[in-house]
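Biologist: I would like to go through the labels on this model. Please set each one against its rule.

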Amino acid sequence: MKEFNFNQELKNYAYIFIASIILAIGIVGFFSPNKIITGGTAGLALLLHYITPLTIGTLIAAVNLPLVLIGWKYLGKMFAIRTIITILIISLAIDFFDKVIMLKPFVLEMPLASIFGGIFIGVGLALVIKGNSSAGGSTIIARIVASKSEIKPGTVILVIDSLIILSSLFIFDDVARVLYSIVSIYVTTRIIDTILTGRLNKKVVYLVSKKTDELKKQITEQLGPEGTIIKGDGLFEGQDKRMILLIVEVNKLQVLRQMLKETDPEEGFLIITEATEMLGRGH
């Protein structure tokens, strides 16, 4: 059984509280007054708010809490407890800002509201994840469906978001508003990715050449000693292949290109991919 860590749990709830405030401000200050929706069950709660007298906070709790209870065994005890607390804090914070403080809209223009609302929601959800919790909703449904079928969780979330977006088209009868809702979801996704994985200025480079010994020396002298030589077999029997794997800063890519061009212009080539996340010593 995993040992309870009080300091870590305190840190988790600090993230959750700050995240809940940011999410509430994003919804009350940007989305609700402009009738823009977001993804997941928060988007469903906003849709229901536009057609019923119930408050947003009440609807978020009403939609999410039953899902958490249904999906309890798929979440784990501590994660489920944190999720319930997160949902309750978000619900109370939204209604507090909306009904008690009566927070005025920050902007009443859909383009700005979709972008900045998406930023607030993205920051809030990223902090919820950092707090080892969830804001409930589609992620729970995705876990349940994935556990009982071969459907991937990401596919389930995409279907749910798509259905909510399509439903909003019938409620608003305004294509522009729906498109700005899609923009807000995209912004939210990008912000979450940026906060959780960071904005790396490095690329993963696979350098394929028969002159790896010469290139190894030049790379060590000009770019540093960090790198790995990968040895393998070609498709033809007895054909030895060697490749150098490197993590290279973007501003040094041209040095590497020029190095390969001068050393092995005929057969050498580079494969450059994004380094979305790097963990471990030295990174």
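Biologist: At what angle do α2 and helix α3 pack, and how far apart are their axes?

Modeller: This is a predicted model, in which local features need pLDDT of at least 70, side-chain atom pairs count only at pLDDT 80 or more, and totals for chains, interfaces and linings use all residues. Residues are numbered from 1 along each chain as its sequence is written, and side-chain values use heavy atoms, with hydrogens and water left out. The angle between α2 and helix α3 (residues 56-70) is about 135 degrees, and their axes are 9 Å apart. Axes are lines fitted to C-alpha atoms, for helices over the stretch in contact, and angles run from 0 to 180 degrees between N-to-C directions. Helices (H or I, at least four residues) and strands (E, at least two) are DSSP runs, numbered from the N terminus.

Biologist: Why is α2 called oblique to α3?

Modeller: Under 35 degrees counts as roughly parallel, over 145 as roughly antiparallel, 65 to 115 as roughly perpendicular and the rest as oblique. The angle here is about 135 degrees, so α2 is oblique to α3.

Biologist: What makes α1 and α6 roughly antiparallel?

Modeller: The axes of helix α1 (residues 6-34) and helix α6 (residues 110-130) cross at roughly 165 degrees and come within 8 Å. That angle puts the two helices in the roughly antiparallel class, therefore the label. α1 passes α6 in a left-handed crossing. The contact of α1 with α6 has 18 nonpolar, seven polar and one charged residues. Here Ala, Val, Leu, Ile, Met, Phe, Trp, Tyr, Cys and Pro count as nonpolar, Asp, Glu, Lys and Arg as charged, and the others, Gly among them, as polar.

Biologist: And why are α10 and α11 called roughly antiparallel?

Modeller: Helix α10 (residues 212-222) and helix α11 (residues 253-263) cross at roughly 150 degrees, and their axes come within 11 Å. The pair is therefore roughly antiparallel. α10 passes α11 in a right-handed crossing.

Biologist: What makes F30 and F120 a tilted aromatic pair?

Modeller: Rings of Phe, Tyr and Trp (its six-membered ring) pair if their centres lie within 6.5 Å; planes under 30 degrees apart count as stacked, over 60 as edge-to-face and the rest as tilted. F30 and F120 are 5.3 Å centre to centre, with 45 degrees between the planes, and the pair is tilted. F30 lies in α1 and F120 in α6, so the pair ties together parts that are 90 residues apart in sequence.

Biologist: Which cluster holds F30 and F120?

Modeller: One aromatic cluster, formed by F30, F106, F116 and F120.

Biologist: Is F30 buried or exposed?

Modeller: Buried means under 20% relative accessible area, exposed over 50%, partly exposed in between (1.4 Å probe, protein chains only). F30 has 6%, so F30 is buried. F120, at 26%, counts as partly exposed.

Biologist: Why is the pair of Y50 and F172 called tilted?

Modeller: The ring centres of Y50 and F172 are 5.4 Å apart and the planes lie at 55 degrees, so the pair is tilted. Y50 is in helix α2 (residues 40-51) and F172 in helix α8 (residues 153-172), 122 residues apart. Y50 is buried at 17%, and F172 is buried at 15%.

Biologist: How do you know that R177 lies over the face of F172?

Modeller: The rule asks for NZ of Lys or CZ of Arg within 6 Å of the ring centre and within 35 degrees of the ring normal. R177 is at 5.8 Å from the ring centre of F172 and lies over its face.

Notes. A crossing is left-handed if the near helix is turned anticlockwise from the far one by less than a right angle, and right-handed if clockwise.
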